Amino acid sequence: MKRALLALLWLVACRAEKSPPQPAPAQPPAPAPAPAPQTDPYEAARNKMVDETIVARDVKDPRVIAAMRKVHRHRLVPPDLQPRAYEDNPLSIGFEQTISQPYIVAAMTEAAQLTPGEKVLEIGTGSGYQAAVLAELGDVEVYSIEIVEPLAQRTHKLLDRMGYKQLHLRIGDGYQGWREAAPFDAIIVTAAPEKIPQPLIDQLAVGGRLVIPVGKDGHQDLKVVTRGKDGTTSESLFPVRFVPMTGEAQNKK
Ligand SMILES: C[S@@+](CC[C@H](N)C(=O)[O-])C[C@H]1O[C@@H](n2cnc3c(N)ncnc32)[C@H](O)[C@@H]1O
């Protein structure tokens, strides 16, 4: 009897030895350190500007409205003008140029009717505001050309620091468009020629939209030219005041 008991104990001990070692109970991963809070002192002012001057007017496209809420316009103006960045006005950015009025940027972006997967060219990068709004539409490929070299260099660095690294930026005269990247689904021109540059129409895809101020001396019409299979159609939206398009456009008056 004693012998049988000993044999049984030995068997149990052997089994216990042979069973695989139990893994240590899984530990929950250590929580990642909380990111430093990104305070944006202008968020409320920006939303108020969007509500009161863009939504309350005639801009309806939710993607455009969302993009306008995202772009930090205060970072694209000189430091002394930051407190005025969310007034619905153009502001001076040096080099005798201005950052466009937010309502006009929203209206031109809406008029371009961009859908995901499309490609847009902007003529007149200037402060970078319009280009940043286009980038915030998401899934739209953005090209932009600026003729004033030192302004372009400053804006390119700023846009890069703000995280808009996916933009295609070029320094030069936008009159001839951007042939290697054409055709574009939309082209937005933010300086006014007296006549519409033909190369820009030629670089529109069929169905593409050209949004452009046309006229002289700060009195222009904002036009949308749509390229069809057999030609173009044009409509005037409203009067605007843009700086003149310089470079080759000035030889084509
Ligand atoms: C009203 S500002 C642009 C505003 C800018 N898009 C923004 O979002 O604030 C017009 C810009 O067009 C540029 N420009 C004028 N003629 C041009 C041309 N032929 N090619 C490219 N840029 C031009 C000017 O130097 C200026 O920076």
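Trainee: Which strand does Glu 122 lie in?

Mentor: Glu 122 lies in strand β3, which covers residues 119-123. Keep in mind that we're looking at a predicted model.

Trainee: Is Glu 122 buried or exposed, and how would I tell?

Mentor: The general idea is to count neighbours: a residue is buried if 20 or more other C-beta atoms lie within 10 Å of its own, and exposed if 12 or fewer do. Glu 122 has 29 other C-beta atoms within 10 Å, so it's buried.

Trainee: And what does Glu 122 touch, leaving out residues up to four places away in sequence?

Mentor: Glu 122 touches Gln 130, Ala 131, Leu 134, Ser 144, Ile 188 and Thr 190. Glu 122 and Val 189 are 67 residues apart along the chain, yet their C-alpha atoms are separated by 5.7 Å.

Trainee: Is Glu 43 buried or exposed?

Mentor: Glu 43 sits in helix α2, residues 43-55. It has 12 C-beta neighbours inside 10 Å, so Glu 43 counts as exposed. Its C-alpha atom is separated by 9.7 Å from that of Tyr 86, which is 43 residues away along the chain.

Trainee: Let's zoom out. How many helices and strands are there in the protein?

Mentor: The protein has seven helices and nine strands.

Trainee: What is the order of the strands in the open sheet?

Mentor: Start with the general idea about side chains: in a regular strand they alternate between the two faces of the sheet. Here, an open sheet of seven strands runs in the order β5-β4-β3-β6-β7-β8-β9, with mixed pairing. The edges are β5 (168-171) and β9 (231-240); each has a single partner strand, so one side of each has no neighbour in the sheet. From one strand to the next, the twist averages 15 degrees.

Trainee: What do β7 and β8 form, and how many residues are between them?

Mentor: They form a hairpin with two residues between them, and Asp 217 in the turn has a positive phi of about 45 degrees. Then another hairpin joins β8 to β9 through two residues. β8 and β9 run antiparallel, joined by eight bridges, and Arg 227 stands opposite Thr 232 in β9.

Trainee: Now helices. How should I read one, and how many residues of α4 are buried?

Mentor: An α-helix has 3.6 residues a turn, so residues three or four places apart point the same way. In α4 (residues 102-112), eight of the 11 residues are buried, so this helix is largely enclosed by the rest of the structure. Among those buried are Pro 102, Val 105, Met 108 and Ala 112. After α4 comes Gln 113, with a positive phi near 50 degrees.

Trainee: How many residues of α5 are buried?

Mentor: Seven of its eight, so to speak mostly covered. The buried residues of α5 include Tyr 129, Gln 130 and Leu 134. Just after α5, Gly 138 has a positive phi of about 80 degrees.

Trainee: Last one: what is the mean pLDDT of the protein?

Mentor: The mean pLDDT is 89, and 85% of the residues reach 70 or more. Over residues 5-21, though, the pLDDT is below 50, and this stretch has zero contacts in the model beyond near neighbours in sequence.

Technical notes: Residues numbered from 1 in each chain as written. Helix = DSSP H or I, 4+ residues; strand = E, 2+ residues; numbered from the N terminus. Pairing = 2+ DSSP bridges. Axes fitted to C-alpha atoms, helices over the stretch in contact; angles between N-to-C directions. Contact = placed C-beta atoms within 7 Å. pLDDT = per-residue confidence, 0-100.
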